[in-house]
Amino acid sequence: MADEARARTTTALAACAVAVAVLLAGCASGTRSGGGSASSGRDGPGTNIPSDLNRVPDAEPRIEPIRSSGGTSKPYTVLGRGYQPITDDRPFRESGLASWYGRKFHAASTSSGEPYDMYAMTAAHKTLPLPSYVRVRNPANGREVIVRVNDRGPFVDGRVIDLSYTAALKLDLLRGVAPVEIERITNEDIRTGAWRRDTGTAYAAASPAPRAAAAASVPVPSAWVAPVAMSAPAASTTPVAPQTPVTAMAPAEPQQAVEADVPPPPRQPIVVTDLAPMEPIAAPARTPMAPPTAAPSAAAVAGFWVQLGAFRERDGAESLLSQAARGLPSLAPQLRVFSEAGTHRLQAGPFASRNAAGEAVTQLRESLRIAPMVVERR
């Protein structure tokens, strides 16, 4: 009987250990992350799906404390593989497959303790801090979203993120797993506003640095200036209202007290000198400017190109083109906008090799704080 009791106790302890491991991993178990798992019968989009999910706004990044201790920050093991969560504000980029999870886990507790809402803009990741924010991009169509990571997963080889149903819908990933690119939005990015983008842009850009104030003096065309006689007529003695002449700024001196019974000295009238009237001078004829010529069409030349962004509206691509041309004038002649299948891609090139294109990627990332990528046109 004692041996049987000990055996039951050992079995119960083992079951508790398994339960704790599953709890640390959240609902993101190895059988989750089906992304199109509706076909397997284990998960799916559910019923009574709201009709306006495509209008659900992205998650709004806000500074949230990064936990350096606690269950979501400790190393953990799932399906025999160990994971070390990130506990600092480092930048993070990753490429791989994305999946999504739906009705099977809707309203269940996530690893962060929050209930899972398949219709919110959230996601699961294996090592990012909980919570944190990431920008997810579908390179196949240029769409991107911002989600709040509040769960662990997906624990399947090759998959880097598990999206909510709505996030997958907005990225057009509901048909199954697909490649994505993810970029963490750090607390520093949120604090400085570097994560924000112009309307329609596809990559984050830092706010432009304040420019120094322009010089006040403006050159005046010589034709506008009339000669003044060397000898001026006699000064007029017509007094005008006393004024305080403008003088050069001098260092401030301590103000002295003025006795109340001593009136200030009278101010002398200012004498105005009459100058000879200026004769009107005909303004120089203006040379008509040639009308701006249309930009040459962007021909798809074979080679390596650096893609700065993809847009649904051409105005977004043109706006980023202007910004990149100002930030890197040497790259301006190589910037082109390619419009294909309703998507407008801003690319620079062509470059003779992938290494040369990689150097341009480094310059763009450092100058404009964006995340470009190298593509090859054949």
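Q: Leaving aside neighbours within four places in sequence, which residues is L331 in contact with?
A: With that exclusion, L331 is in contact with A348, F351 and L364, where contact means heavy atoms within 4.5 Å. This is a predicted model, in which local features need pLDDT of at least 70, side-chain atom pairs count only at pLDDT 80 or more, and totals for chains, interfaces and linings use all residues. Residues are numbered from 1 along each chain as its sequence is written, and side-chain values use heavy atoms, with hydrogens and water left out.

Q: And where is L331, buried or exposed?
A: L331 is found in the loop between α4 and β10, with helices (H or I, at least four residues) and strands (E, at least two) taken as DSSP runs numbered from the N terminus. L331 counts as buried because its relative accessibility is 5%; buried means under 20% relative accessible area, exposed over 50%, and partly exposed in between, with a 1.4 Å probe and protein chains only. L331 and Q363 are 9.6 Å apart in space, C-alpha to C-alpha, although 32 residues apart in sequence.

Q: What does L321 touch, then?
A: L321, which is found in helix α4 (residues 314-327), touches L335, V337 and L346 when residues up to four places away in sequence are not counted. L321 and L335 are 14 residues apart in sequence, and their C-alpha atoms are 6.9 Å apart in space.

Q: What order do the strands take in the open sheet?
A: The open sheet has four strands in the order β10-β11-β9-β12, with antiparallel pairing; two strands pair if DSSP finds at least two bridges between them. β10 and β12 (373-377) stand at the edges with a single partner strand each, so one side of each has no neighbour in the sheet. On average, neighbouring strands of this sheet are turned by 40 degrees against each other, direction ignored.

Q: How do the helices sit on that?
A: α4 lies across β9 (303-311), β10 and β11, and runs at about 170 degrees to β10; axes are lines fitted to C-alpha atoms, for helices over the stretch in contact, and angles run from 0 to 180 degrees between N-to-C directions. Helix α5 (residues 354-368) also packs on the sheet, where α5 touches β9, β11 and β12, and its direction makes about 35 degrees with that of β9.

Q: How many residues are between β10 and β11 in the hairpin?
A: There are two residues between them, and A341 in the turn has a positive phi of about 55 degrees. Strand β10 (residues 335-340) and strand β11 (residues 343-351) pair in the antiparallel sense over six bridges; S339 has H344 as its bridge partner in β11, while E340 stands opposite T343.

Q: Switching topic: which strands close into the barrel?
A: Six strands close into a barrel in the order β3-β7-β4-β6-β5-β8, and the pairing is mixed. Neighbouring strands there are turned by 45 degrees against each other on average, direction ignored. β4 and β6 pair in the parallel sense over three bridges, and A123 stands opposite V149 in β6.

Q: Which residues of the largest nonpolar core touch the most other members?
A: Of its 37 residues, those are V134, V136, V147, I161, L163, L173 and V180. A nonpolar core here is a set of buried Ala, Val, Leu, Ile, Met, Phe, Trp, Tyr and Cys residues joined through side-chain atoms within 4.5 Å. The elements giving two or more residues to this core include β3 (93-101), β5 (132-138), β8 (178-185) and α2 (165-171). Another core lies apart from it, with 20 residues, among them A317, L320, L346 and L364.

Q: What about N141, why does it count as buried?
A: N141 counts as buried because its relative accessibility is 19%. N141 lies in the loop between β5 and β6 and, leaving aside neighbours within four places in sequence, is in contact with L171, D172 and T343.

Q: And the chain overall?
A: The secondary structure of the protein chain comes to five helices and twelve strands, and buried residues make up 37% of its 378 residues.
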